[in-house]
Amino acid sequence: MLWRCRGVTFDFDRDVAVMGVLNVTPDSFSDGGRFFEPAAAIEHARRMITAGADLIDVGAESTRPGSKPVGAEEQWRRLEPVLRALEAESKPAAASRAVAVSVDTSNAEVADRALSLGAHVINDVTALGDPAMAECIARAGAGVVLMHLRGTPATMQDDPEYEDVAREVVEALAVKLEAARQAGLAPESIALDPGIGFGKTTRHNLELIARVRELCALGRPVVVGASRKRFIGELSGAPPEQRLEGGLAAHVIAVYEGASVVRTHDVDATVRAVAIARPLREARRRE
Ligand code: HH2
């Protein structure tokens, strides 16, 4: 299965991609403030590329539970210097392989500006909530991640309820996928994400990871982002800086069950874990 993201095409019949998180924010839940300065952000992106990241996902707005939206101007003020530097860093000559630049925004104005600086992917946690989003992504020929989110980051953890979370998330993303196609996005540009922690309890997150195959059945690559999230803390008692092993466990299971992309703060360890999880999945297929 191919995922076409402008100049970079992923072949998920062969590969699993690791997406490194770069939060250019003062308030993200696990690394807020650490990479807020452009120089620190660029240095961190370089480290992730060297560690084997296939995509760098740059975000200027925290979407942690209870967070407030950040306006387009402020998002762009945070993103621009980093994207300008990344454009050069991500070229195959500099990185020794193609690295895609993803921008985590649900604001079409920010997405449009980022695409004009060469971004390959728009990671939209609202799955085209902004009516202008589809058109600007389609025009650029970029890739898109459509994520499942119930409510808004401000309200999403207020007692989320589902009858069957995996079935409902698949159904909701099937509707989003069809809407994206209708809006002119090429099917091969679209990836889907169940939105771990976005309007879900610990039990919901576990079911979504364990049943990721049901989402794969929609025929598009699946992105899973469990890194350092609250459910890992709830199950292991660990604070965000000690959730590496929990995140690896979740991502290894997700890959084994069919996920194509894992989104992580811990690229080096995740690349090493995926190097085992992916061939394990292959070994099972040949049974
Ligand atoms: N999770 C976060 C942000 N963006 N995008 C996708 N596609 N999938 C995810 O699971 C996802 C996401 C939250 O993590 P983080 O960016 O570290 O935190 P914050 O939103 O506080 O910046």
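Analyst: Happy to. A polar contact is a pair of N or O atoms within 3.5 Å. Please keep in mind that the model is predicted. As an example, a polar side-chain atom of Gln 75 and the backbone oxygen of Val 70 lie 3.0 Å apart.

User: What makes the pair formed by the side chain of Gln 75 and the backbone oxygen of Val 70 a polar contact?

Analyst: The separation is 3.0 Å, and the cut-off is 3.5 Å, so the pair falls within the limit. Gln 75 sits in helix 2 (residues 72-89). Apart from neighbours within four places in sequence, Gln 75 is in contact with Ala 60, Glu 61, Val 70, Thr 105, Asn 107 and Val 110.

User: Why is Gln 75 called buried?

Analyst: Buried means under 20% relative accessible area. Gln 75 has 1%, so the label applies.

User: Why does Arg 263 count as buried, and which side chains does it meet in polar contacts?

Analyst: The relative accessible area of Arg 263 is 14%, which is under 20%, so Arg 263 is buried. Its place is in strand 10 (residues 261-264). The side chain of Arg 263 has a polar contact of 2.9 Å with the side chain of Asp 57 and another of 3.3 Å with the side chain of Asp 104. Leaving aside neighbours within four places in sequence, the residues in contact with Arg 263 include Met 19, Asn 123, Val 224 and His 251.

User: What makes a group of residues a nonpolar core here, and how many residues does the largest one have?

Analyst: The members must be buried residues of the nonpolar kinds, joined through side-chain atoms within 4.5 Å. The largest such set has 70 residues, and those with the most contacts inside it are Leu 22, Ile 56, Val 58, Leu 83 and Ile 137. Helix 6 (residues 165-182) gives this core its largest share, seven residues. A second, separate core has 14 residues, among them Trp 3, Val 8, Leu 55 and Val 261. Returning to Leu 83, its contacts beyond four places in sequence are Val 58, Trp 76, Val 101, Val 103, Ala 114 and Leu 117.

User: How do you know that the buried residues of helix 7 are on the same side?

Analyst: In helix 7 (residues 202-210), the buried residues are Thr 202, His 204, Asn 205, Leu 208 and Ile 209. They cover an arc of only 160° around the axis, so they are on the same side of helix 7. Their cover includes helix 6, helix 8 (212-216), helix 9 (230-236) and helix 10 (244-256).

User: Is Phe 12 buried or exposed, given that it lies in a loop?

Analyst: Phe 12 lies in the loop between strand 2 (8-11) and strand 3 (17-23). Its relative accessible area is 5%, under the 20% limit, so Phe 12 is buried. Beyond four places in sequence, its contacts include Met 1, Trp 3, Pro 221 and Val 261.

User: Why is Asp 159 called exposed, and what is its phi?

Analyst: Asp 159 is in the loop between strand 7 (143-147) and helix 6. Its phi is near 55°, a positive value in a residue other than glycine. Most residues other than glycine have a negative phi. Arg 228 also has a positive phi, near 60°, but its relative accessibility is 14%, so Arg 228 counts as buried. Arg 228 belongs to the loop between strand 9 (223-224) and helix 9.

Terms used. Residues numbered from 1 in each chain as written. Predicted model: local features only at pLDDT ≥ 70, side-chain atom pairs only at ≥ 80, totals over all residues. Heavy atoms only, no water. Buried < 20%, exposed > 50% of the residue type's maximum accessible area, 1.4 Å probe, protein only. Helix = DSSP H or I, 4+ residues; strand = E, 2+ residues; numbered from the N terminus. Contact = heavy atoms within 4.5 Å. Arc of directions from axis to C-beta. Polar contact = N/O pair within 3.5 Å; in protein donor to acceptor, adjacent residues only side chain to side chain.
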